[in-house]
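Here are a few exercises to work through with the model open in your viewer. Try each one before you read the solution.

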Amino acid sequence: MSTAPTPPRASLLLLAYLGFVSLGLPDGLLGVGWPSIRTEFGVSTGAVGLLLTAGTVGYLTSSVLAGFTLARLGVGALLAGSTLLASLALTGYALSPAFAVIVGCALVLGLGSGAIDSGLNAYAAGAFGPRHMNWLHAFFGLGVAIGPLVMTGVLSAGLSWRWGYGIVAAAQLVLAAAFALTVRAWQRGGPAPSSGDGTSAHVAPVPILATLRLPAVWSGTLAITLYVAIEVSAGLWAFLLLTEGRGLSAAVAGGCVSAYWGSLFVGRVVQGVVAERLGSRLVLRASLAGMAVGAALIAVPGPAVLAVLGLVVVGFAAAPVFPLLTLTTAERVGAAHADRAIGLQIGAAGLGGALVPAGLGMLIGAASVQILGPALVVLALALVVIYELGTRRPDAGVGGEHTGPGTPGAGAPARSRAGVPGGDYPASGPVRPVVDGR
C-alpha cells in the first residue's frame, strides 16, 4: 500500500501549474490566428491538418521516448530543455517566411510539448497527489483559454498574428529559465522510479494478444478518440463558425472561443470534486449527455447566442470526461491490462485530435462552416453509444476473468484507486504521458 506523498515545495508546485498553462497556450493561439495565417500564405482551410498532424507526430514521439530522457537527464533538465525547444519553435512561427517552415515548427513544438507533458505528469504522479493532478489538467484548459485572448488582442490592435506567437515564445523562454534554475530541486523531489502506489511492479504480466483481444480495450480507445475529436474540433473551428457562419465580429468571436476553453477549465475544477462524491460513472454519463445537448445547440441554425451557449455547454460538460475515462480504465479492462490500454488511449487521443479536426476542415472548405454543428452532434452521440457498450462488457472489471486469481486486482479493489481512499487515479509507471484535449 502506498503512503501519502509528502507536501510538494511551493516553488515547484507553482512551476508545474505554469508549465501546464504553457502547454495550452499554443493550442489556443491557432484557432483565432488560423484565418490570418492561411490568408497570408495563401493556403486552404484544410491545410491546418498539416500543422495538427506534424504536431501530433512530434508529441507522440517525444512522449514515448520521455522515459529514456528522464532516466538520463532527470525531470528538471528535461523540463528546462523541452520548454526551451517549445520557445524556439514558437519563435519559428513568428519569423517563418513560408508555410512549410511553420509545419516544421509544429513538429518541433510537438516534440517539446510532449516531453513537457510527460515530465510534469511523471513528477506530479509521485509528488503532488490526486487533487493537484486534477487541477494541473484544469490549468491546461486555462492556458488554452488565455491563448485566444492573446491572439485576439494582437489582431484587434492591428498587429500581425506573428506577434501572438512571439509573446507566447517569450513567456516560454522565461519558464525555461525558471526550470533551469530549479533543476536540482526537481531531482531531489522527483517521483520514485516505481509507480505511485507501488502496484505496477506486482501485477503479473499478461500476453499482449490477451490485452488486444479485450473488447473493452478497443471501446475505451474509440471513446477517447471521439472525445478528443469533439473537444479539439469545437475549439478549432468555433471562431470560423461564429464569424463566417453567425456574423459575429472577430473580437467578439475570439472572446467566445476563450469562454469555451474557460468553461473546460471551470468544469474540471468543479466536477473533479463532484465525481468524488457521486461516482465517476454517474458524472461521465451526465457529461456525455451534456456534450450531445451542447452540440445540438451549435447545430441549430439561428442567432449566434445559441451557438455560443452550445459551446459553453460542450466545454463544461466535456471537462471531466478525459480524466475519468482514463482513470477508470482498470475498472473496465482489469489491472493487468490497464497500462497497455491507457497507452492505446493516449495514442488514439493524439490521432483523434489531429485527423478528425483536419477532416472537418476539408469538409468545411468543400461545403460550409455550418457543417460543424451537425458533425459534433454525430460524434457526441457516437461517444455516448460507445461508452455505454464498453461499460456493459462482461470483462470490464478489475477482478474479471482476464486478470486471473494470481494477479493483484482479481477480487481486489481497482488499481485506479491508487491507494487513495475515494480516489479514481490509475497506477502507472514512471512516465504516463497525458494528451489533455486535447
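**Exercise 1.** In this predicted model, find what joins the side chains of Arg-38 and Glu-244, and work out which helices the pair ties together.

*Solution.* Start with the atoms: the two side chains meet in a salt bridge, at 3.3 Å from N to O. Next, place the residues: Arg-38 sits in helix H1 (residues 10–41) and Glu-244 in helix H9, so the bridge ties together parts 206 residues apart in sequence. Finally, check the burial. Arg-38 has 16% relative accessibility and so counts as buried, while Glu-244, at 54%, is exposed.

**Exercise 2.** Work out how helices H9 and H10 run relative to each other.

*Solution.* Take the axes of H9 (residues 215–245) and H10 (residues 250–278): they come within 7 Å and cross at roughly 155°. Angles over 145 degrees count as roughly antiparallel, so that is how H9 and H10 run. The contact includes Tyr-227, Glu-231 and Phe-239 of H9, and Tyr-260, Trp-261 and Arg-268 of H10. Sort the contact residues and you get 13 nonpolar, three polar and two charged. Now look at Glu-231 and Arg-268: they form a salt bridge, with the closest N and O atoms 4.0 Å apart. Both residues are buried.

How values were computed:
Residues numbered from 1 in each chain as written. Predicted model: local features only at pLDDT ≥ 70, side-chain atom pairs only at ≥ 80, totals over all residues. Heavy atoms only, no water. Axes fitted to C-alpha atoms, helices over the stretch in contact; angles between N-to-C directions. Helix = DSSP H or I, 4+ residues; strand = E, 2+ residues; numbered from the N terminus. Parallel < 35°, antiparallel > 145°, perpendicular 65-115°, else oblique. Contact = heavy atoms within 4.5 Å. Nonpolar A, V, L, I, M, F, W, Y, C, P; charged D, E, K, R; others polar. Buried < 20%, exposed > 50% of the residue type's maximum accessible area, 1.4 Å probe, protein only.
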